[in-house]
Amino acid sequence: MSNLDLQSVDGQAELAKAGGKRPRLLLHTCCGPCACGVLSNIAPYFDITAFYYNPNILPYEEWQKRLDALKIVLDHFGGIDLVVPEQSEEEFLSRVRGLEALPEGGARCGLCFELRLGACAKYFEDHRQDFDFFATTLTVSPHKNAPLINEIGARLGAEHGVRYLSSDFKKHDGFLKSTRLSKQLGIYRQNYCGCLFPE
Ligand code: SF4
C-alpha cells in the first residue's frame, strides 16, 4: 500500500478534490500548540480525528495539562473528534531504558516517535473503516527531525497495512501559526519536549 506525500496546502486541496470528499485523517497529536499550527493549515481539507497517545509526557500532571490545552484547540476548530487511548508512562520508560542520558535528538527520540506512531498505526488498523490516512503533528516542530519521523511513519504504515501521510507541517508558516494561535487562545504552552531526561 502506497503512502502519500503531504508537503503543501495546495497538494492537500488537490488530494481532497481527487477523492470527491474530504479524506478522513487520524492525526497523532502531541499537544495543543502543535495542533494549532497543523490544524490552521489542514483542517479545511480533511475530516480529522485527533489521537492523543503520548506516554512520554511526564509527569502525569503535564500530560493532563497538554491534553486540556488540546481540547480547547479542537473546540476552536469546530469540535474535532478526539481519541485518548489507554496509556502509561511505563510504556515509554521501558522502551527507552538505558538511553536516558542521551540528548534530545538522539536514538531515544527515534524510539519515542516509533512508540507513538506505532500506537496510532495500530489504532488505524483496528478501525480501518473509519480512516483513510494517518499523520502526526510532530513535524511542525523545528526541533524534530521530520525526515526521520516520516521514515518511521511510512514503515509502520506498511507494517500495519494502513496509509501514512508524509508531512512537513513547518511549511506554510506552520510553526508561526502554532505560536500565534496558541497565544490568541491563551492555552498552556510547554517549555520542554516531554520526557524529563536531559535535553
Ligand atoms: S526528548 Fe522528546 S522526542 Fe525525545 S524521547 Fe524525550 S519526549 Fe520523546
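User: What makes strand 2 count as mostly covered?

Analyst: Four of its five residues are buried. A residue is buried if 20 or more other C-beta atoms lie within 10 Å of its own. This is a predicted model, and strand 2 spans residues 24-28.

User: Which strands does strand 2 pair with, and how do you know that they pair?

Analyst: Two strands pair if DSSP finds at least two bridges between them. Five bridges join strand 2 to strand 3. Four bridges join strand 2 to strand 5. Both counts meet the cut-off, so both pairings hold. Strand 2 runs parallel to strand 3, and parallel to strand 5 as well.

User: Which residues face each other across these pairings?

Analyst: R24 has D47 in strand 3 as its bridge partner. On the strand 5 side, L27 is bridged to A135, and L26 stands opposite F134.

User: What is the order of the strands in the open sheet?

Analyst: The order is 4-3-2-5, with parallel pairing. The sheet has four strands. From one strand to the next, the twist averages 30 degrees.

User: Why are strand 4 and strand 5 called edge strands?

Analyst: Each pairs on one side only. Strand 4 covers 81-83 and strand 5 covers 133-136.

User: Which way do the residues of strand 5 point?

Analyst: F133 and A135 point one way, F134 and T136 the other. All are buried. In a regular strand the side chains alternate between the two faces of the sheet.

User: Which helix lies across strand 2, strand 3, strand 4 and strand 5?

Analyst: Helix 5, residues 107-126, lies across them. Helix 5 runs at about 150 degrees to strand 2.

User: What makes helix 2 mostly covered?

Analyst: Helix 2 spans residues 32-42, and eleven of its eleven residues are buried. Among them are C34, V38 and I42.

User: Why are helix 2 and helix 3 called roughly parallel?

Analyst: They pack at an angle of about 25 degrees, with their axes 8 Å apart. Angles under 35 degrees count as roughly parallel, so helix 2 and helix 3 are roughly parallel to each other. Helix 2 contributes G32, A35, C36 and L39 to the contact, and helix 3 contributes R66, A69, L70, I72 and V73. By class, the contact has seven nonpolar, one polar and one charged residues.

User: Which residues surround the ligand?

Analyst: They are N56, E104, R108, C109, C112, C193, G194, C195 and F197. This shell divides into five nonpolar, two polar and two charged residues.

User: Why is C195 called buried?

Analyst: C195 has 20 other C-beta atoms within 10 Å. The cut-off is 20 or more, so C195 counts as buried. C195 lies in the segment after helix 7. Leaving aside neighbours within four places in sequence, C195 is in contact with N56 and L58. C195 and P59 are 136 residues apart in sequence, but 8.0 Å apart in space, C-alpha to C-alpha.

User: How do you know whether the peptide bond from L58 to P59 is cis or trans?

Analyst: Omega is near -5 degrees, and the bond is cis. Most peptide bonds are trans. P59 lies in the loop between strand 3 and helix 3.

User: What is phi of H172, and what is phi of D173?

Analyst: For H172, phi is near 55 degrees. For D173, phi is about 60 degrees. Both values are positive, and neither residue is a glycine. Most residues other than glycine have a negative phi. H172 lies in the loop between strand 6 and helix 7, and D173 is found in that loop too.

User: Why do H172 and D173 count as partly exposed?

Analyst: H172 has 18 C-beta neighbours inside 10 Å. D173 has 13. Buried needs 20 or more and exposed needs 12 or fewer, so H172 and D173 fall in between as partly exposed.

Technical notes: Residues are numbered from 1 along each chain as its sequence is written. This is a predicted model: local features need pLDDT of at least 70, side-chain atom pairs count only at pLDDT 80 or more; totals for chains, interfaces and linings use all residues. A residue is near a molecule or strand if its C-beta atom, placed from the backbone, lies within 6 Å of it. Ala, Val, Leu, Ile, Met, Phe, Trp, Tyr, Cys and Pro count as nonpolar, Asp, Glu, Lys and Arg as charged, and the others, Gly among them, as polar. Helices (H or I, at least four residues) and strands (E, at least two) are DSSP runs, numbered from the N terminus. Axes are lines fitted to C-alpha atoms, for helices over the stretch in contact, and angles run from 0 to 180 degrees between N-to-C directions. Two residues are in contact if their C-beta atoms, placed from the backbone, lie within 7 Å. Angles under 35 degrees count as roughly parallel, over 145 as roughly antiparallel, 65 to 115 as roughly perpendicular and the rest as oblique.
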